[in-house]
Amino acid sequence: MRRRALLGLAAGLPAARFAHAAERRLVTVGGAVTETVFALGAGDQVVAVDSTSTFPAPTRRLPQVGYLRALAPEGLISLNPDLLLLSDEAGPPQALAVLRAAGAPMAVIPDGAGLDAVTRKIIRIGQAIGRDGTALAGTVAADWQALDAPLAALRPLRAIFVLSAARGAPLVSGRSTHADAMLQACGAENCVRDFQGYRPLSAESAAQLAPEAIIMMDHALAEAGGIDGVLRATALAVTPAASARRVVAVEGSYLLGFGPRAAHARRALAALLHPTANLPALPGRDWV
Amino acid sequence: MHIARIAPPQRRLADRPTLILLGGAVLLMAAMAAGVLFGPARISPGGLGAVLADFLGLAPLPDAFRRDAAVLGVIRAPRVLMAALIGAGLGAAGAAMQGLFRNPLADPGLIGVSAGAALAAVAAIVFGATVFGAAAGALGLWMLPLAAFIGGLAATLLMTRLGTVGGVTGVATLLLAGVAVNALAGALTGLLIFTADDRQVRDITFWTLGSLAGSRWEQVPVVAALVGLPTLGLIALARPLDALLLGEAEAFHLGQKVEVVKRIAVTLAAIAVAAGVAFTGLIGFVGLVVPHLLRLGFGSGHRIVLPGSALLGAALLVLADLAARSLAAPAELPVGVVTALLGAPFFLWLLRRRAGGVA
């Protein structure tokens, strides 16, 4: 309620420009938010993005407003935005309070993992920028659901998601993370159930968990020195995944963004984990 | 030339505290004006005029300048005031600690206040939503500053308790107690970071780098009271701190209540620094470097060093914040990074220069 009131109040500020959708200046913060705006065909209105927005390619030529947890009130206002479209991961809260006090027009989009979260984001972002998101949401949902039956038929693989393995004990995902949600959706089960978020994994626990597959983000795999480098880490060397050399990597924002590319990311990871399974090919989409 | 030699010696600048402090005040005013006028959001002279006219009640604000009014009045003005107050507090607290410990390396971190504030702030970031659920809801954006303020004061209190034996606070004991309290707070902070999730770890990192980006008008009166008043109190301690420079026994014979002065100075410095970092996160090097600058130029008399450090610390933090929000626009550098980037090389130069002087 309060947010909508603020939005209404704020929208009055650049009222003259707000009326002309074509001239609108959007600043998007959060990878999934930015991808969705581009997928909805409003990419040409985006004038700046945060450092987590690296897709699609045109975002890399746009001014950077910095990391999404360290936003700069005056920097954002200096871009003369008609709308700040922020993931609810954006912060710090104190800086957002300054932006609200200054009457900056903003919409906050709840983040989340899973198909429901993806479609909710698309609809909310569509409403905020005056575009109908139902078609896009429906397409993504259809692509996602096309994988449901074939993946349900597979034996779930015991897997761990390794955030980084370059230094010390590997940092692995527990429950309640985007990585956890993606593993469950891809015919794998995250065998780390003891904690939430990311924690270092000891060699003993790794041996006990006995994961059959190790999943990483591609840049983290490269940083750790490729598959050989990762498997050199004591904690991972003792696992069945290491014996089978089953280490798969997918680009981070693609895999964990839960934006419009989520269905294709799901298929990509599932195909890597289950190379022999017969998964339906998804139609090519403009936004993937 | 011959005549010049027998002429009465010219009064040195250091003997004219009023002039020096007036210069400091002018510098601070100029820094604050720059802080309000400049930044990544360009304000045209017309916009500035319109906002001023509206502020003075001369003419209503045209809609075209609504953004300029928000930038000047909502974002920059409270931010510059906060930077000035907190910079003054850090500068004066640093000068007082260096005087009290008679140690050029002393800074407010030595009395545990920064480490204690950091521990409490990290606890607020990690447990904010869960453990303090109800309180967090009621306190909202005030929870983290409140926690950091209490944490900073608690650490200093613990340190002075540990450093006081038989009613006497020995400087060496106090220093060692400070080292121990810092180590303990650091260890507990590490423990909390271990339990934090990825996002919290990022938040903690940015908090320890310092930022004035969250400055709002509602914080200004709080900072004026909790940083500004203790700063004035520290400045009033100039005479007893001068006496302490001679040594504790000498100060006692000069009629100073040495123990009382120590306790008041530590308490005021702790309040000023804790309240400052509570709102900004850690900001290094202002408290260490600024008093040295003053001593270098005008000698170690506290009647110049204390108020001078407050004025120069304020000006420095205002300018560092201007740089922080301008250099990486539309993003922002952490202000603690800017002060350390300016302060560390200067401090090294100071060390080298001092070493050369001794040799």
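Q: How many bridges join S3(A) to S4(A), and in which sense do the two strands run?
A: Strands of a sheet pair through backbone hydrogen bonds, either parallel or antiparallel. In this predicted model, S3(A) and S4(A) run parallel and are joined by four bridges. One position to look at is A:Leu84, which stands opposite A:Met106 in S4(A).

Q: Which strand does S1(A) pair with through three bridges, and which residue of S2(A) is the bridge partner of A:Leu26?
A: S1(A) pairs with S2(A) over three bridges, in the parallel sense, and A:Val46 in S2(A) is the bridge partner of A:Leu26. Strand S1 (residues 26-29) of chain A is also joined to strand S3 (residues 83-87) of chain A, by four bridges and again running parallel. Along that pairing, A:Leu26 stands opposite A:Leu83, and the bridge partner of A:Val27 in S3(A) is A:Leu84.

Q: In what order do the four strands of this open sheet lie?
A: The order is S2-S1-S3-S4 in chain A, with parallel pairing. Strand S2 (46-49) and strand S4 (106-109) of chain A are the edge strands, since each pairs on one side only. Neighbouring strands are turned against each other by 20° on average, direction ignored. Helix H3 (residues 31-39) of chain A packs on this sheet, touching S1, S2, S3 and S4 of chain A, and its direction makes about 140° with that of S1(A).

Q: Which residues of S1(A) and S3(A) lie on each side of the strand, and are they buried or exposed?
A: In a regular strand the side chains alternate between the two faces of the sheet. For S1(A), A:Leu26 and A:Thr28 lie on one side and A:Val27 and A:Val29 on the other, and all of them are buried. For S3(A), A:Leu83, A:Leu85 and A:Ser87 lie on one side, with A:Leu84 and A:Leu86 on the other, and these too are all buried. Five of the five residues of S3(A) are buried, so this strand is largely enclosed by the rest of the structure.

Q: Which residues have the most contacts inside the largest nonpolar core?
A: In soluble globular proteins, nonpolar side chains tend to be buried together. Here the largest nonpolar core has 212 residues, and those with the most contacts inside it include A:Leu85, B:Ala96 and B:Val318. Helix H4 (residues 66-101) of chain B gives the most to this core, with 22 residues. Domain 1 (2-144) and domain 2 (149-273) of chain A both give residues to the core, so it lies between them. As for B:Ala96, the residues that it touches beyond four places away in sequence are B:Leu234, B:Leu237, B:Leu241, B:Ala265, B:Ala269 and B:Leu306.

Q: How far apart are the C-alpha centres of the two domains of chain A, and how many residues does each give to their contact?
A: The C-alpha centres of domain 1 and domain 2 of chain A lie 30 Å apart, and the contact takes 18 residues from domain 1 and 12 residues from domain 2. On the side of domain 1 that touches domain 2, the elements giving two or more residues are H3, helix H6 (115-129) and helix H7 (134-145) of chain A. The largest share of that side, five residues, comes from H3(A).

Q: How many residues does each chain give to the contact between chain A and chain B?
A: This contact takes 25 residues from chain B and 28 residues from chain A. On the side of chain B that touches chain A, H4 and helix H9 (198-209) of chain B each supply at least two residues, and H4(B) gives the most, with six residues.

Key
Residues are numbered from 1 along each chain as its sequence is written. Chains are lettered from A and ligands numbered from 1 in the order in which they are written. This is a predicted model: local features need pLDDT of at least 70, side-chain atom pairs count only at pLDDT 80 or more; totals for chains, interfaces and linings use all residues. A nonpolar core is a set of buried Ala, Val, Leu, Ile, Met, Phe, Trp, Tyr and Cys residues joined through C-beta atoms within 7 Å. A residue is buried if 20 or more other C-beta atoms lie within 10 Å of its own, exposed if 12 or fewer, and partly exposed in between; C-beta atoms are placed from the backbone. Domain bounds come from an automatic or database domain assignment. Two residues are in contact if their C-beta atoms, placed from the backbone, lie within 7 Å. Two strands pair if DSSP finds at least two bridges between them. Axes are lines fitted to C-alpha atoms, for helices over the stretch in contact, and angles run from 0 to 180 degrees between N-to-C directions.
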